[in-house]
Amino acid sequence: MVNNIKTVFSIKDLENLSGIKAHTIRIWEKRYNILEPMRTDTNIRLYNLQNLQKLLNITLLHEYGYKISKIATYPEEKIPQLVREIISKKNSQNYAITSFKMAMMNFDQELFFNTFDWLISEKTFKEVFKDHFLPLLKELGLLWQSETITPANEHFMSHLIKQKILIYTESLQIQKPTKTDRIFVLSLPLNEIHQIGLLYLQYEILSRGYKTIYLGESMPIENLQDLTKHFENITFVSFMTIQPDRNVINQYVRSMGQKLLQNNNEIWLMGKMVEHIDRKVLPERIHIFDSMEETMERF
């Protein structure tokens, strides 16, 4: 596991994590000496976590109007101090995402919790998820694909976000449902393991007063069919992030329809793979949503 944890970064990694182009980082280094990279025998720049943290802080200051020429004159300890002053003005979005990134790179649970606690003191959980967790998760996917972060980094952060969703979900689950005309069953297809979207959707559904049954990952259609013997007016909800494969997804959706659409049941589908579903031949009670926001408008 230790070998999979990234502690040295290329200039391309810094670009991906900070949003500052590698060309600009080189200029800032050469002109203002803001970072001190290590160099390989072949003169390739390499950066440590301290370099990354400093660049993320400088990026935040730069976004709030500080000139690089001015930042470069500050002593090392003044940069984090200025960042803290920005935080105190409640300019939270960029700071929070930067802070969550550093928590991820350092495997720092305390920083994650402190940042979350600061946000939740000012916002609802829905706002924290929409304004901070959702953009962060989208960025993590890109960082993972570009090998800027390792699976260990991504799993660490995803687990902490899941943990927060579950805590806030439980506070709703213990309340009696106020709407009894429909029940929502949430599951993922076989070999689908990406649960965060589905977990958060459960929170949203519960907050609207409905009862939910969460079945989680890799659930066969036949097992979902068993619930039709126990409940009526079921809405089956599923996220399709990497499964089913695009070559079989239409067959899979047809099978869902044949086995699950008794009575007034419905099927709601969302996730990256739904773009491969042929919508022209869908039964009327199978609904495809292209975003979480679109799903919420359905209520």
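How close do the axes of H9 and H10 come, and at what angle do they cross?

Author: The model is a predicted one. In it, the axes of H9 and H10 come within 9 Å and cross at roughly 20°. Angles under 35 degrees count as roughly parallel, and H9 and H10 are therefore roughly parallel to each other. Their crossing is left-handed. On the side of H9, the contact is made by Ser158, Ile161, Lys162, Ile165, Leu166, Tyr168, Thr169, Leu172 and Gln173. H10 contributes Ile196, Leu199, Tyr200, Gln202, Tyr203, Leu206 and Ser207. Sorted by class, the residues of this contact are 10 nonpolar, 5 polar and 1 charged.

H9, which spans 151–173, and H10, which spans 196–207, each supply at least two residues of its lining. Helix H8 (125–145) and helix H13 (292–296) likewise each supply at least two. The largest share of the lining, 9 residues, comes from H8. The largest pocket has a volume of about 1,400 Å³ and is lined by 34 residues. Of these, Leu137, Lys138, Gly141, His194 and Thr241 lie nearest the centre of the pocket. By class, the lining residues divide into 16 nonpolar, 10 polar and 8 charged.

Notes
Residues numbered from 1 in each chain as written. Predicted model: local features only at pLDDT ≥ 70, side-chain atom pairs only at ≥ 80, totals over all residues. Heavy atoms only, no water. 1 Å grid on protein atoms, 1.4 Å probe; cavity = no way out; pocket = protein on both sides within 12 Å on 5 of 7 lines; lining within 4 Å. Points joined across faces, edges and corners; volume = space filled by probe spheres on them. Helix = DSSP H or I, 4+ residues; strand = E, 2+ residues; numbered from the N terminus. Nonpolar A, V, L, I, M, F, W, Y, C, P; charged D, E, K, R; others polar. Axes fitted to C-alpha atoms, helices over the stretch in contact; angles between N-to-C directions. Parallel < 35°, antiparallel > 145°, perpendicular 65-115°, else oblique. Left-handed = near helix turned anticlockwise from the far one by under 90°. Contact = heavy atoms within 4.5 Å.
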